[in-house]
Amino acid sequence: MDKKPLNVLISATGLWMSRTGTLHKIKHHEVSRRKIYIEMACGDHLIVNNSRSCRTARALRRHKYRKTCKHCKVSDEDIAKFLTKSTESKTSVKVKVVSAPKVKKAMPKSVARAPKPLENPVSAQASASTSGSVPTSVKSASDSSVPASASAPALTRSQLDRVEALLSPEDKISLNTEAMTFKELESELLARRKGDLQQIYADERENYLGKLERDITKYFVDRGFLEIKSPILIPAEYVERMGIDNDNELSKQVFRVDKNFCLRPMLAPNLYNYLRKFDRVLPDPIKIFEIGPCYRKESDGKEHLEEFTMLNFCQMGSGCTRENLEALIKEFLDYLEIDFEIIGDSCMVYGDTLDVMHGNLELSSAVVGPVPLDREWGIDKPWIGAGFGLERLLKVMHGFKNIKRAARSESYYNGISTNL
């Protein structure tokens, strides 16, 4: 089924779904070239990307929700319309794997690039090249514009997966199965990846994730932020104080050690405690940050990990405005040379948030306090803060198709497959 853009989905139902799974009735919306301006019946306003693959678009296509907004007064007729599944006929799937090489921006000197692949003139007869995820071109039976060659069998799914794992974002290699068998292709990619690892061992010897953490630490320390290192094992009560009780959907994502402790799903509880304690002794404004692992039972996909690395920075006291928060985010991402835009959103923990997006990939969720949650932690001053996933930053910086290449892993090192 064709994935319709978000504006088509909300026009069909007149409804919006928040991160908490709450259905809102849309009073009015306007669509510009890339944005949708939405006004809810309850008075909330949003500006979102008109995307085909964003979280809300996926949720609307699944026709599932948790509850309705009590202020929007969503009618039974609205709900029935929302629950009615599309009866569009399914069409044959065309898989096209040959893509143009990506033009990448230069990265800052402080962050190492993937090593340049070895040059290899593979299949000079072929006219197509790929730098992407699937290494062949498969046409559906209904496509008769190019006759199929009996001597060029398509790669199997397992062969495609193997080649995808061995490909580097910077590879430029022809995948013409008439000129090159799977064994020859695999052998060529194995030679390149072994050369890449040997080059890293000879020259750099730094892990991308570790180096990025060190660079970010220096970046924030140089700008007057105090580095924090807090426990990974936290009281389960901390999660409940963040508004995530047993009835909350996010509670299912928490790795619990026993009834009293869990692995931290976020850095915020510990940073709340530090802000409260440091408020007694440090000058205004207080600026702190932490980089460290977090754990959630995330859904499978190319953007999620169950063990991931978070950067959270926050400032409390004077100067805590939205303008200053956006300026901090801009300076940080300009340092990493990552393009982004900031859009309004909401979440079940903090309420209104600012999402930092690179295309359809969410890099960060940022908040301008105070928020009602602050009272649970003894905080009564304005604050601003943002959280970034380091693996997502690496995914963008190195052009990885799958976030697992940027993660703590035994299968990849600096995005290079270790299964050689």
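Student: How much accessible surface does the protein have, and what percentage belongs to carbon and sulfur atoms?

Tutor: The model is a predicted one. Its accessible surface comes to about 22200 Å², and carbon and sulfur atoms account for 51% of that area. The protein has 420 residues, of which 46% count as buried, and its secondary structure consists of 10 helices and 16 strands.

Student: Why is Phe332 called buried?

Tutor: The label requires a relative accessible area under 20%. Phe332 has a relative accessibility of 0%, so Phe332 counts as buried. Phe388, also with a value of 0%, is therefore buried.

Student: What makes Phe332 and Phe388 an edge-to-face pair?

Tutor: Two values decide the matter. The ring centres are 5.2 Å apart, where pairing requires centres within 6.5 Å.

Student: Why is the pair said to tie together parts that are 56 residues apart in sequence?

Tutor: Phe332 belongs to helix α9 and Phe388 to strand β14, so the pair links parts separated by 56 residues in sequence. Both residues also belong to one aromatic cluster, together with Tyr219, Phe220, Phe225, Phe289, Phe313 and Tyr335.

Student: Which residues touch the most other members of the largest nonpolar core?

Tutor: That core has 33 residues, and those with the most contacts to other members are Leu311, Phe313, Phe332, Phe388 and Leu393. Elements that each supply at least two residues include α6 (208-222), β10 (307-316), α9 (322-336) and β14 (383-389). The largest share, six residues, comes from α6. Apart from this core lies another, of 32 residues, with Tyr238, Leu271, Leu275 and Met310 among them. In soluble globular proteins, nonpolar side chains tend to be buried together.

Student: Which residues does Phe313 touch, leaving aside those up to four places away in sequence?

Tutor: Among them are Phe220, Phe225, Ile288, Phe289, Leu325, Leu328, Ile329 and Phe388.

Student: What makes Leu282 partly exposed?

Tutor: The class lies between the cut-offs of 20% and 50%. Leu282 has 35% relative accessibility and therefore counts as partly exposed. Leu282 is found in the loop between α8 (268-278) and β9. With Leu226 and Val281, Leu282 makes a nonpolar surface patch of about 250 Å².

Key. Residues are numbered from 1 along each chain as its sequence is written. This is a predicted model: local features need pLDDT of at least 70, side-chain atom pairs count only at pLDDT 80 or more; totals for chains, interfaces and linings use all residues. Side-chain values use heavy atoms; hydrogens and water are left out. A nonpolar core is a set of buried Ala, Val, Leu, Ile, Met, Phe, Trp, Tyr and Cys residues joined through side-chain atoms within 4.5 Å. Buried means under 20% relative accessible area, exposed over 50%, partly exposed in between (1.4 Å probe, protein chains only). Helices (H or I, at least four residues) and strands (E, at least two) are DSSP runs, numbered from the N terminus. Contact means heavy atoms within 4.5 Å. Patches are made of residues with over 30% relative accessible area and no salt bridge: like charges are joined within 9 Å, nonpolar side chains (Val, Leu, Ile, Met, Phe, Trp, Tyr) within 5 Å. Accessible areas come from the Shrake-Rupley method with a 1.4 Å probe; for residues, only the protein chains shown count as cover. A salt bridge is a side-chain nitrogen of Lys or Arg within 4 Å of a carboxyl oxygen of Asp or Glu. Rings of Phe, Tyr and Trp (its six-membered ring) pair if their centres lie within 6.5 Å; planes under 30 degrees apart count as stacked, over 60 as edge-to-face and the rest as tilted.
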